[in-house]
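Subject: Structure handover

Hello,

Here is the structure for you to look through. Please open it first and keep it beside you while you read the notes below it.

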Amino acid sequence: MQVVATAGHVDHGKSALVRALTGMESDRLAEERRRGLTLDLGFAWTDLPSGVRLALVDVPGHERFVTTMLAGVGPVPAVLLVVAADEGWMPQTEEHLAALDALGVRHGVLAVTRSDLADPRHALRQARTRLASTGLAGAEAVTVSATTGQGLPDLVAALDRLAARLPVPDAAAPVRLWIDRAFTVTGSGTVVTGTLPAGTIRTGDELLLMPAGRRVRVRAVETTRQRTDKISGVARVALNLRGVAREDVARGMALVSPGGWTSATTLDVRIHFGEASGRLARQMTLHIGSAAVPVRLRPLGPDTARLTLNHRVPLHVGDTALLRDPGRRAVAGVSVLDVRPPTLVRRGAAAARARELATWPDRPDGAHVLRRHGVLRRDDLTLMGCQPPPGAVTLDDDWLADPAHWEALHRRLADEVDRHATDRPLAPGLPVESARLRLALPARRLVTALVRPPLRLDAGRVHGPGLPPPVVAAVDALRADLSETPFQAPTADRLTTLGLTPPILAVAERAGAVLRLPGDIVLLPGADRAALRLLHDLPQPFTVGQAREALEAPRRVTIALLEHLHHQGRTERLPEGHRVPATG
C-alpha cells in the first residue's frame with residue numbers, strides 16, 4: 001500500500017477528484033455534504049493498475065482548517081496537489097505548498113482540475129512556475145475533470161508511477177502511529193486511525209499512548225476495512241484498543257513502540273525553510289505527524305533554535321517538522337538535531353551550542369550524537385533513532401563511548417588521581433564514586449573501565465603509579481639512614497625525625513615501600529632476603545647471638561627478623577635455641 005494526501009485551495013475539487021478516483025465519498029460528515037465543503041479529514045482508497053492499493057487522505061482547503069490539513073499530510077510521504085483550471089493559483093494553494101515544502105515532501109502529482117470549465121494551460125503554467133523552487137519541482141502534471149472523467153486514466157497512471165517511485169519503508173522500524181481520528185464502535189470499543197509510515201503492528205502488540213506514556217494493547221488491526229493479523233507501513237491503519245476509553249485518545253496523540261522513541265520536551269532544531277531563527281515568533285506551534293504542539297522558541301544561531309514543548313512528543317534525531325505562527329500565517333520547516341540537548345545556563349553556553357550545531361548535518365548520525373554526549377547507553381542511542389557508529393568504544397553490552405572523549409576521560413582521571421594525592425597525600429587513593437562525580441559519569445562501572453596502567457584499582461579506589469611526595473621523601477630518608485647499616489632499624493623517635501610518622505608509614509607499608517616487623521621495626525624492602533643470605537654463611541646451626549653479630553643489628557631487630565623468617569618458613573627452630581635455614 002501507498003498513502004497520498006490531497007492539498008490545494010478550498011473548492012478546487014479535491015474531494016470530487018477523490019470520489020472519481022475511488023468511487024468512495026471521503027466527506028463523512030452530514031454538514032460537509034450539506035455545505036459541499038470539507039471540514040475534516042476524509043479517507044478513501046483504490047487499487048491501481050499495478051495492483052498497488054493507494055489510500056488517499058483528503059484534507060480541507062479552507063484557511064480556517066490549516067491545522068487539520070497539516071494533521072492529514074504530516075505522516076504522509078506524497079501529495080496530490082490540486083489546482084482548479086478556472087481559478088488558477090490561489091492563496092490556500094500557496095499556503096499548502098509552503099507547508100508541504102517545509103515538511104520536506106518531495107513526491108507528488110499535480111492535478112489541474114475542472115478542465116471542462118476552462119482552458120487548463122494557464123493554471124498549469126502558474127503551478128509549474130510555483131513548484132519550480134520547491135521540493136515538488138518536476139512533479140508530473142495531469143489535467144483532469146472529475147465531472148466528465150476526462151484525464152482520469154492519465155491521473156491514475158501518474159499516481160501508479162508515483163507509487164512505484166516512493167521509497168520502501170523499513171518494516172522492522174519502531175512504530176509511531178500518529179492518531180488522526182478516534183471513535184467508538186458498538187461491541188468493540190475505542191478505535192483509532194492513522195497513517196503508519198514504517199514499522200509493523202500486530203494484533204496483541206503492546207504500544208505506548210503518548211504523551212501520557214500509558215501502555216495499551218492492540219485488540220484488532222484493520223486496513224481499508226479489512227481485518228488483518230498485522231500491517232506494515234506505509235498504510236492506513238485502524239486499531240481497536242483494549243481497555244481504552246474514547247475520551248482518553250484524541251487527534252495528535254501517537255502510539256509508539258516501547259523503547260523505540262525519545263519522549264522529548266526540549267529539542268534543538270535547524271531551520272531549513274522560512275525566516276532566520278531570530279525573526280521567528282517566540283511562541284509558535286510545532287506540527288509533526290498529526291500533532292500540533294505549542295512551543296517556546298529560543299534562537300541559537302542564524303538557522304538553529306531551541307524549542308521547549310508544552311508536552312512530551314516521541315521523536316528521533318532527523319525528524320522533520322513544521323513551525324507555524326498562526327497570527328502571521330508564517331511557517332518554517334525544521335529538522336530535529338538533538339532530542340536530548342544540553343542545558344544552557346552558563347554565560348556563553350547558547351553561542352557555544354550554536355557553533356557546535358553549525359557543524360552538524362540536517363540528519364545527524366550516531367557518530368554526531370555520541371560525540372556530543374561522550375558516553376551513552378546503547379538503548380539511549382536507539383531511542384534517539386541512531387545506530388552505534390563504527391569505531392565506538394563498547395563497554396560491555398550496555399554503554400558506548402566516543403573514542404576521543406574516552407581518551408580524554410582517561411587523561412582526566414589520571415589528573416584527578418594526581419590532584420587527590422596532592423591534596424590528601426596520605427589518603428589510600430581516589431574513591432571510585434568521587435571519580436565518577438568529578439568526571440560527571442552516569443555509572444561507577446564506567447570509572448572502573450577507564451582504569452588502566454599506570455593507574456590501578458584496589459579496594460574501590462583508583463591509585464596512581466607512584467607514592468605521594470611526602471611518602472617518597474620519608475622513604476628516601478630511611479634509605480639514606482640504612483645505607484651503611486641496613487639492619488640498624490631506627491628508633492621511634494628517629495622514624496619521626498625521618499618523616500615516617502604513623503600515617504605516612506602506613507601508606508608506605510601498603511605500597512610495599514618499607515618492611516615493617518612487629519615491635520615497630522622498620523627496614524627497607526628486601527632486608528629479610530639479605531638477612532637470610534648472611535645466615536646461610538654461618539656455621540650451622542646458629543644461635544641468636546651469632547645471627548646478631550652477622551647482621552650487626554640490635555637484639556630486638558635480630559629477634560624480629562628471625563621470627564619473620566620463621567613464619568615465612570625460611571628458617572627452622574632447633575632445641576636449645578638453635579636455628580638453621582629451612583631445607584627445600
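Q2 stands opposite L54 in β3. Four bridges join strand β1 (residues 2-7) to β3, and the two run parallel. On pairing in general, strands of a sheet pair through backbone hydrogen bonds, either parallel or antiparallel. Here two strands are called paired if DSSP finds at least two bridges between them. Helices (H or I, at least four residues) and strands (E, at least two) are DSSP runs, numbered from the N terminus.

Before going on, note that this is a predicted model, in which local features need pLDDT of at least 70 and side-chain atom pairs count only at pLDDT 80 or more, while totals for chains, interfaces and linings use all residues. Residues are numbered from 1 along each chain as its sequence is written, and side-chain values use heavy atoms, with hydrogens and water left out.

β3 also pairs with β2, in the antiparallel sense, over six bridges. In that pairing F43 stands opposite V57 in β3. The hairpin of β2 and β3 has five residues between the strands, and G51 takes a positive phi near 100 degrees there. Strand β3 (residues 53-58) has five of its six residues buried, so it is largely enclosed by the rest of the structure. Buried means under 20% relative accessible area, exposed means over 50%, and partly exposed is in between (1.4 Å probe, protein chains only).

**Salt bridges**

How many salt bridges does a search of the whole structure find? The count is 34. A salt bridge is taken as a side-chain nitrogen of Lys or Arg within 4 Å of a carboxyl oxygen of Asp or Glu. In general, side chains of opposite charge can pair when their charged atoms come close.

One of them joins D40 and R251, at 2.7 Å from N to O. D40 lies in the loop between α2 (30-35) and β2 (42-47), and R251 in the loop between β14 (235-242) and β15 (254-256), so the pair ties together parts that are 211 residues apart in sequence. D40 counts as buried because its relative accessibility is 19%. R251, at 33%, counts as partly exposed.

A second pair is D319 and R176, whose closest N and O atoms are 2.8 Å apart. This pair also links distant parts of the chain: D319 is in the loop between β19 (304-315) and β20 (320-325), R176 is in strand β7 (residues 176-185), and they are 143 residues apart. D319 is buried at 11% relative accessibility, and R176 is buried at 13%.

R217 and E206 form another salt bridge, at 3.8 Å from N to O. R217 is in strand β11 (residues 214-223) and E206 in strand β10 (residues 206-210), eleven residues apart. R217 is partly exposed, with a relative accessible area of 37%, and E206 is partly exposed at 32%.

There is also a network of salt bridges that links D268, R306, D338, R353, E356 and R372.

**Helices**

The axes of α1 (residues 14-22) and α6 (residues 152-165) come within 11 Å and cross at roughly 85 degrees. Axes are lines fitted to C-alpha atoms, for helices over the stretch in contact, and angles run from 0 to 180 degrees between N-to-C directions. α1 and α6 are therefore roughly perpendicular to each other; that label covers 65 to 115 degrees, with under 35 counted as roughly parallel, over 145 as roughly antiparallel and the rest as oblique.

Which residues meet between α1 and α6? L17, A20 and L21 in α1 meet L152, L155, V156 and L159 in α6. Contact means heavy atoms within 4.5 Å. The residues of this contact divide into seven nonpolar, no polar and no charged. For these classes, Ala, Val, Leu, Ile, Met, Phe, Trp, Tyr, Cys and Pro count as nonpolar, Asp, Glu, Lys and Arg as charged, and the others, Gly among them, as polar.

Helix α8 (residues 366-373) is mostly covered, with six of its eight residues buried. The buried residues of α8 are G366, H368, V369, L370, R372 and H373. They pack against β21 (330-338), α7 (349-357), β22 (375-377), α9 (378-383) and β24 (399-401).

**A three-stranded sheet**

Three strands form an open, antiparallel sheet in the order β25-β27-β26. Its edge strands, β25 (430-431) and β26 (456-458), each pair on one side only. β26 pairs with strand β27 (residues 461-463) over three bridges, and D458 stands opposite R461 in β27.

Regards
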